[in-house]
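Biologist: I'd like a close look at a single part of this one, please. Take your time and walk me through it.

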Amino acid sequence: MSITFFYKYLGWALIAIAGASASCTGESSPSGDCTHDSVTDIKVDLASAVKIGDYIANVRGCSYDTSDDNQLIGEPKSAVVVGDTVYMADMFKKPGVYAYDFTGKPVFVFNSRGQGPGEFLGIASFQVHPTSVTVLDPMQVRMVSVDKDGHYLGSESTEPYHYPISFISDGKGGVWYDRGNNVTDNCSAELLYATPDSIIEVLAVPDNLNGFTFSASAPLYQVAGSGEVRYLPSFQPVIYKCSEGEASPLYRFDFGGKWPPADWLTEGEHPFAVYQRVVEKGYINALNAFEDESTLGLTFKEGKDNLYLLLYDKASGKQRLFDCTETLDMRPMAFHEGRLFVPFDEGFNFITLSD
């Protein structure tokens with residue numbers, strides 16, 4: 001039976017990972033072949049990690065304005081910085097999308113829970129548009145949009161896209177949908193691209209991963225500055241470049257023996273058992289990516305407690321690996337003008353790291 005499983009652990013929406021090969025195609029149905037012009041292979045050596053606390057050069061931070069508890073986020077899961085505003089999604093503690101200026105003053109909130117117009121039961125992903133915000137509510141199989149004053153604009157059923165768990169508009173009339181690793185009678189793709197005229201099955205669910213999905217906080221994301229779309233699929237150590245209905249591998253991560261073998265999953269195994277084995281074996285898990293035009297950022301965990309941040313410079317090909325285990329509140333979620341955006345319980349920081 002196909003299982004989509006969102007698991008909350010230490011404040012993360014975890015990705016349990018198994019090694020697999022993915023496929024990509026621009027045709028109307030997935031294929032087993034994948035052609036691409038250039039893939040950057042990134043070898044990750046955990047032994048090279050340095051403690052991030054030793055490299056913090058500058059911190060520009062603020063505390064939330066707590067005068068209105070309704071506008072106070074509980075536990076950020078994903079974030080995007082738009083101009084001088086930070087938008088964050090809380091998927092568990094106080095579900096909603098919350099936005100603040102750089103002083104911590106709330107400027108937008110959408111946390112109306114329910115089944116009526118302009119309400120949601122759960123949030124799996126969100127996107128900020130020039131004049132509106134859209135959230136994906138998988139529990140009600142719909143997307144809901146409000147303007148930046150919080151007024152309801154409309155909703156759209158996601159049933160035609162086979163129950164996605166993440167989405168992102170490319171700004172060109174198309175929308176990408178992540179379905180996770182769930183093959184159904186009507187769809188065998190993990191990634192779809194929809195236009196007003198068609199729905200394209202872009203990436204097939206790998207055979208050995210069917211039924212196992214632990215969603216990243218933002219598996220579909222945009223590169224800050226360029227707006228290019230990226231996709232980090234569940235259970236796969238690869239990031240795809242997505243453009244005009246086609247997806248090609250762009251970054252591929254080699255964690256060596258820390259990555260589970262391809263035959264690691266057992267059909268029918270419960271996701272809790274899968275995660276437990278990840279922890280016991282000390283495998284890599286909980287990948288989340290963010291990116292601007294110069295740098296790729298990747299956070300991940302080794303086993304249960306060891307937290308890392310990888311920064312990859314696109315121009316030079318150089319990488320830096322930071323051990324964040326001793327500072328577990330150091331969970332960057334975005335870039336802004338070369339700084340790391342890092343939320344914490346009482347506010348957020350913009351952090352600059354030294355060379």
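Predicted model: local features only at pLDDT ≥ 70, side-chain atom pairs only at ≥ 80, totals over all residues.

Which element gives the largest share of the lining of the largest pocket? And once that's clear, please follow the strands on from there.

Modeller: The largest share comes from β7, with 7 residues in the lining. The pocket itself holds about 1200 Å³ of space. It is lined by 49 residues, and S78, A79, V80, M333 and A334 are the closest to its centre. By class, the lining splits into 25 nonpolar, 16 polar and 8 charged residues. Besides β7 (76–82), the elements that give two or more residues to the lining include β24 (284–291), β28 (334–336) and β29 (339–344).

Let's follow β24 onwards. β24 forms a hairpin with β25, with 3 residues between the two, and they pair in the antiparallel sense over 6 bridges. Within that pairing, I284 sits opposite E302 of β25.

Now for β25 itself, residues 295–302: 8 of its 8 residues are buried. In a regular strand, side chains alternate between the two faces of the sheet. Here T295, G297, T299 and K301 point one way, while L296, L298, F300 and E302 point the other way, and all are buried. So K301 and E302 are buried too, under 20% relative accessible area.

On its other pairing, β25 runs antiparallel to β26 (residues 306–313) over 8 bridges. E302 turns up again here, with N306 as its bridge partner in β26. This hairpin also has 3 residues between its strands, and G303 takes a positive phi near 65° there.

Conventions:
Residues numbered from 1 in each chain as written. Heavy atoms only, no water. 1 Å grid on protein atoms, 1.4 Å probe; cavity = no way out; pocket = protein on both sides within 12 Å on 5 of 7 lines; lining within 4 Å. Points joined across faces, edges and corners; volume = space filled by probe spheres on them. Helix = DSSP H or I, 4+ residues; strand = E, 2+ residues; numbered from the N terminus. Nonpolar A, V, L, I, M, F, W, Y, C, P; charged D, E, K, R; others polar. Buried < 20%, exposed > 50% of the residue type's maximum accessible area, 1.4 Å probe, protein only. Pairing = 2+ DSSP bridges.
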